[in-house]
Amino acid sequence: ENTQGYVELLTDSEEAKQIVSDENKDRKFIYETIVQQNGLPKDALKTVEEVFGQVQRDKANPGDKIQDDDGTWRSKS
């Protein structure tokens, strides 16, 4: 889980690339829908992504890889 609310691929697996791509397309659609349905300006998308990024990192299981605000990756404890 990265800081922008998306899954980031940390391996070279072709199967994983497709899964990550599909998941991120779904998330982007959800984030854009939230902006649209709430009548927010288009630049609010970045804020929505960041908020959901934090939610996803908070919900991650111990041992899952998460990205800290400074960009470093770590296993969630």
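Y31 is buried, with a relative accessible area of 2% (buried means under 20% relative accessible area, exposed over 50%, partly exposed in between, with a 1.4 Å probe and protein chains only). This is a predicted model, in which local features need pLDDT of at least 70 and side-chain atom pairs count only at pLDDT 80 or more, while totals for chains, interfaces and linings use all residues. Residues are numbered from 1 along each chain as its sequence is written, and side-chain values use heavy atoms, with hydrogens and water left out.

**Aromatic pairs**

- The structure holds 2 aromatic pairs (rings of Phe, Tyr and Trp, the last by its six-membered ring, with centres within 6.5 Å; planes under 30 degrees apart are stacked, over 60 edge-to-face, the rest tilted).
- The ring centres of Y6 and Y31 are 5.4 Å apart with planes at 70°, so this pair is edge-to-face.
- Y31 and F52 form a tilted pair, with 5.2 Å between centres and 40° between planes.
- Y31 lies in helix α1 and F52 in helix α2 (residues 45–59), so the pair ties together parts 21 residues apart in sequence (helices, H or I of at least four residues, and strands, E of at least two, are DSSP runs numbered from the N terminus).
- F52 is partly exposed, at 28% relative accessibility.
- Y6, Y31 and F52 form one aromatic cluster.

**Salt bridges**

- The whole structure contains 6 salt bridges (a side-chain nitrogen of Lys or Arg within 4 Å of a carboxyl oxygen of Asp or Glu).
- One of them joins D69 and R57, whose closest N and O atoms are 3.3 Å apart.
- D69 is exposed at 67% relative accessible area, whereas R57 is buried at 6%.
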